[in-house]
Amino acid sequence: MKKFDKDRLLLAIAGPLLALVSAFVLTMIVLAATGINPIEPLRIMVENGGYEDVQILIVNQAGTYYLAALAVAIGFRMNLFNIGVDGQYRLAAMISAVVGGAIALPGPLHILLIVVVAMLTGAFWAGIAGVLKAKRGVSEVVSTIMLNAIATSLIAWLILPKNLGVQVEGSNDLTTGEIAQSGWFPALSMGDSGEIYGFTFIAFALGVVYWFVLNRTRFGFDLRASGASESAAAASGVDSKKMIITAMLISGAVAGLSGMPVLLGESHTYTLVFPVGVGFTGITIALLGRNSPVGIFFAALLMAFIDKASAGLDTAGYAKEIGTIMKGLIVIAVVVSYELIRRYGIRRQQQKVGEELAAGHAMKTEKEVAA
Amino acid sequence: MTTWPYWPRVFTSDSATRVEASWTRYFHSPPCPPCLPLLSRQGECVINASSPPPAVELHGITKRFPGVVANKDIAITVRKGTVHALIGENGAGKSTLMKILYGMQKPDEGTIAIDGEQVAFNTPGDAIARGIGMVHQHFMLADNLTVLENVVLGGEKLYGIGAKARKKIMEISDAYGLGVRPDALVEDLGVADRQRVEILKVLYRGAKILILDEPTAVLVPQEVDALFDNLRELKSEGLTVIFISHKLGEVLKVADDITVIRRGTTVGTADPRTATPKQLAELMVGAELPSPETRESTVTDVPMLQVAGLTVAAGGAVVAEPEVLVPAAPADSSTHEVVEAGRLLLDDVSLTIHKGEILGIAGVEGNGQTELIEALMGMMAPDAGVITLDGADITKMSVRKRREGGIGYIPEDRHRHGLLLESPLWENRILGHVTEAPNSKKGILDPKAARKDTERIVREYDVRTPGIDVTAASLSGGNQQKLIVGREMSHNPKFLIAAHPTRGVDVGAQAQIWDAIREARREGLAVLLISADLDELIGLSDTLRVIYRGRLVADADPATVTPEELGTAMTGAASGHLEATDNHSAAADGDTTEDEAR
């Protein structure tokens, strides 16, 4: 039995390893094919990653990515593809910034209010897709993509000064107004190099909650069963409509949290320059991390590293878009290599079980003959 | 639940000889000289020496899959111009064998000879070139094309796609009495017509040897008779038909020779003129048929499950999965595809099952069994009717509440409804009982207890597995089923729905599952048994009902009824109370409400 566990662990590591190695090799081929030195940009990125201030940027970015990826992973675990994390996250960040800026409460309560509003907004936005799927059979892929577009327009309209927005003096940028200091999340200072957002630690702690809920609660079991086989789950007593809506609500609530590290830790207001695409990177990370909280942690760090370390490529005379290419290739490599490893694993296990049974079986018959 | 130490472990070649020996007991006098069930050590069938070279001769065919030997040392000889039936239980290896003959799979060992000439097929194309055609159980037709277009599809080079092809189709259709209309749209055709198109398709490609895989599974009785007329027509024109089935009555009606397959190997041949269904059944399952004589009744007067006026209409039913518009039906009940919306899938079904009673439902698949199960489980909301379990109305209860309330469920399709194939065994043990001990406490799972209990189930129900961390997919069908039975029995159900509990299960496991059900019945369990295996139904049930087109049309006493009588009622030809001695007045219109009142 132990042997099967070891096998599974080896296969679990083999997938990402195969994906990453092939993605990096492919990146180098792309670079070489376009006449660029294939090694140098990668070397510069690794060198950049060695600086402490870049490392802090990476950790902070990873916290945001981690939350977005958890949101995607919750959907994945029950076969729901929540592509709308990006819209849910931006809308949640904006609404919570508006509420946080308008109301001032003492310390922790203020932060709590902002966080709860963000979760509710994200859950609401994802819940629309959930209800549509449960009641009308609308594919969540389509509805969440459309909700992303709607969220973009809605935010653009809401942030107009005549609505909820505030125009900063002497600037064209629109914001939602500064959140009072009581709503700032304390950060971990790293001296001159910068500070790590406090909410980053909450993000990583949520990974533990995610693991516990999915693997140790009835609800988590029902959710995973629905993802593994909807028909078997229904026969086992899972109300599939309720499960779709619940999973989307939770996924959206976590997506809503993705904006919190930046909002509570640095910007303290929502502006039009809030990062776009976090939700999509979250999909890549959830895929690469195989929906496991530990896998997602490392995948989030890797993606944050590619982001932040490639930013400096411009100054060395290389296009920083090399990082984007790398991220894209990782997605392709992940999908292909995981499927290969999965099929190999199933075949291998069936063979092993067959062999073991044949061996054990021979022993039993001998006994029987003797008896 | 006690352990089962006494299972006959009939797996190895030496035990196979023992089973052979046991079967000869049932054939004291060989049925007929030319086709007597002779088995030499090689398992060869002895046929008349003066015959022309046989159309198909399979010798020593062995095919292994990871973990299973699907075919072992198979020997079959099919005479030219005959209908040769290949019978065996589900999972006996018939389909694998035919896939080998049709070139879809390569045998690990053994030889295939067509018309006396040895051949090796790599693809179905090779088999077609040698005149072999296969009519699959699931039709492979394009609905939105006409019959003509479907027939020429992929065979355009033979006779073109125009007038010449049409002429050829009409020629074949007339020659064999198929009555095919080349310009009809396939989507407008019924199941039987579609089947004829499939047969025409293979004839069009020049097939001289036709393989029909369970052709009657989807047909109603009259259609079966029509099909058999077609087969006789084909035979008289010199074609050879290999007919796969597990329905013994049909086989005896149409076949010239019968070969029986059990657990992947040929165990004998029989002459349809002299063999009885019982003899064939015993050949099929070994000498392990349940014997109705030794059964003691445990039926009490206490009703456990009462169903009154249960009605489900096609199309109007609320289905659990929103994107699946067709009710979750097993893939092989393709009759659903032609069911028009509004037709009653269950029509005023009423029944009572008492404590300690096994009520068997006989019926051709697709006559409402799936809907009955799903309505009882709560997976489908009925349009009318009341379901009462142990005195409590459960009609509106959710699946989970019903399961917690003591309904056990052995699903008809274990892969779709009973297991998470890619999850480990211990998680599969939790499935369906996640809210119950020992799987969880106050909403929190208890993997340690669940694992321990899985080990107990594996031990007590003899699930052959190297451990509880392997995925359910890596177990054989019989072992998966034993795990499901063990799981359902572990929660002391009051009422068990057992749908085809031994389908595709090897003989040893079959006896174990039967014993588990019998033992629970002794302790007061009420069981609804749905099975296509009439011997299983008669052997296990205390009361029998026949379902036909969604209605319970007949009832019978399993102590006196024969499979033939049941079979007649299953086709709608008989109704009321089935009794050979006939001291009851058989209600002609099949209304069973009187029987309800008993």
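A charge sits over a ring if NZ of Lys or CZ of Arg is within 6 Å of the ring centre and within 35 degrees of the ring normal.

**View 1. Arg290(A) over the ring of Tyr338(A).** In this predicted model, Arg290(A) lies over the face of Tyr338(A). The distance to the ring centre is 4.5 Å.

**About the model.** The model is predicted: local features need pLDDT of at least 70, side-chain atom pairs count only at pLDDT 80 or more, and totals for chains, interfaces and linings use all residues. Residues are numbered from 1 along each chain as its sequence is written, chains are lettered from A and ligands numbered from 1 in the order in which they are written, and side-chain values use heavy atoms, without hydrogens and water.

**View 2. The aromatic pair Tyr89(A) and Phe274(A).** Rings of Phe, Tyr and Trp (its six-membered ring) pair if their centres lie within 6.5 Å; planes under 30 degrees apart count as stacked, over 60 as edge-to-face and the rest as tilted. A search of the whole structure finds 11 aromatic pairs over all chains. Tyr89(A) and Phe274(A) form a tilted one, with 6.3 Å between centres and 40° between planes. Tyr89(A) lies in helix H4 of chain A and Phe274(A) in the loop between helices H11 and H12, so the pair ties together parts that are 185 residues apart in sequence. Helices (H or I, at least four residues) and strands (E, at least two) are DSSP runs, numbered from the N terminus. Tyr89(A) is buried, at 1% relative accessible area. Phe274(A) is buried too, at 4%. Buried means under 20%, exposed over 50%, partly exposed in between (1.4 Å probe, protein chains only).

View 3. A salt bridge is a side-chain nitrogen of Lys or Arg within 4 Å of a carboxyl oxygen of Asp or Glu. Arg343(A) is exposed, at 52%. Glu339(A) is partly exposed, at 30%.

**View 4. Asp143(B) and Arg194(B) in a salt bridge.** Their closest N and O atoms are 3.3 Å apart. Asp143(B) lies in the loop between strand S6 and helix H4 of chain B and Arg194(B) in helix H7, so the pair ties together parts 51 residues apart in sequence. Asp143(B) is partly exposed, at 36%. Arg194(B) is buried, at 10%.
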